[in-house]
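User: I have not worked with this chain before. Could you take me through the model step by step?

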Amino acid sequence: MGRYSSGSPELGSVSPGARSSSSPGRMSCVCSVCGKRYKHRSCLHKHLWEHHDAWETCLKYNLTKHQQVQMMEAAQVLVDMMGVKAG
């Protein structure tokens, strides 16, 4: 299973999947890494953080999923501001 090595999860990796059988005419968003389906693109965007290498670090703390995603997003902003290249 592929993982994101660095940076924020890319919405470019969102592959709009087949139409959901529960609500015809409505598109679902599919994670290109694990295949999970979401009705809302924003939910998929939050889910993509789980495939980031640093996600395991967030799990060490007693945080809600929302707080974990916020931590990852804040860390990415700091990395972007400092111009640090991962690799």
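The conversation below goes through the overall layout, the confidence, and then individual residues.

User: What am I looking at, and which secondary structure does the chain have?

Analyst: This is a predicted model. The chain has three helices and three strands, and along the sequence they follow the pattern β-β-β-α-α-α.

User: How many residues are there, and what share of them count as buried?

Analyst: The chain has 87 residues, and 25% of them count as buried. Its accessible surface is about 5,900 Å², with 56% of that area belonging to carbon and sulfur atoms.

User: What share of the contacts join residues at least 24 apart?

Analyst: The share is 37%, taken among contacts between residues at least 6 apart in sequence.

User: What is the mean pLDDT of the chain?

Analyst: The mean pLDDT is 76, and 66% of the residues reach 70 or more. Over residues 1-6 the pLDDT stays under 50, and the model has 18 contacts beyond four places in sequence for them. Residues 11-21 are also below 50, with 26 contacts in the model beyond near neighbours in sequence.

User: How should I treat such stretches?

Analyst: Where pLDDT is low, the predicted coordinates should not be read in detail.

User: On to helix H1, then. Which of its residues are buried?

Analyst: Leu44, His47 and Leu48 are buried in H1. They lie on the same side of H1, because they cover an arc of only 100° around the axis.

User: What do they pack against?

Analyst: The buried residues of H1 pack against strand E2, residues 27-30, and strand E3, residues 37-38.

User: And Ser42, where is that?

Analyst: Ser42 is placed in helix H1. Its relative accessibility is 46%, so Ser42 counts as partly exposed. Between the C-alpha atoms of Ser42 and Cys29 there are 9.5 Å in space, and the two residues are 13 apart in sequence.

User: Changing topic: how many salt bridges does the structure hold?

Analyst: The structure holds one salt bridge. The side chains that meet in it are those of Glu50 and Lys65, at 2.3 Å from N to O.

User: Which parts of the chain does that pair link?

Analyst: The pair links distant parts of the chain: Glu50 is in the loop between H1 and H2, Lys65 is in helix H3, and they are 15 residues apart.

User: Where is Ala54?

Analyst: Ala54 is in the loop between helix H1, residues 41-48, and helix H2, residues 55-59. At 29% relative accessibility, Ala54 counts as partly exposed. The C-alpha atoms of Ala54 and Met72 are 8.0 Å apart, although 18 residues separate them along the chain.

User: Let us move to helix H3. Why does Gln68 count as buried?

Analyst: Gln68 has a relative accessibility of 8%, and buried means under 20%. Gln68 is found in helix H3, which spans residues 65-82.

User: What is Gln68 in contact with?

Analyst: Leaving aside neighbours within four places in sequence, Gln68 is in contact with Trp55, Cys58, Leu59 and Leu63.

User: And Val69, buried or exposed?

Analyst: Val69, which also lies in helix H3, is buried, with a relative accessible area of 5%. Not counting residues up to four places away in sequence, Val69 touches Lys46, Trp49 and Trp55.

User: Which residues form a nonpolar patch on the surface?

Analyst: The patch is formed by Val77, Leu78, Met81 and Met82, which together have about 470 Å² of accessible area.

Conventions
Residues numbered from 1 in each chain as written. Predicted model: local features only at pLDDT ≥ 70, side-chain atom pairs only at ≥ 80, totals over all residues. Heavy atoms only, no water. Helix = DSSP H or I, 4+ residues; strand = E, 2+ residues; numbered from the N terminus. Buried < 20%, exposed > 50% of the residue type's maximum accessible area, 1.4 Å probe, protein only. Contact = heavy atoms within 4.5 Å. Areas by Shrake-Rupley, 256 points an atom, 1.4 Å probe, with all protein chains shown as cover. pLDDT = per-residue confidence, 0-100. Arc of directions from axis to C-beta. Patch = residues over 30% accessible without salt bridge, like charges linked within 9 Å, V, L, I, M, F, W, Y side chains within 5 Å. Salt bridge = Lys/Arg side-chain N within 4 Å of Asp/Glu carboxyl O.
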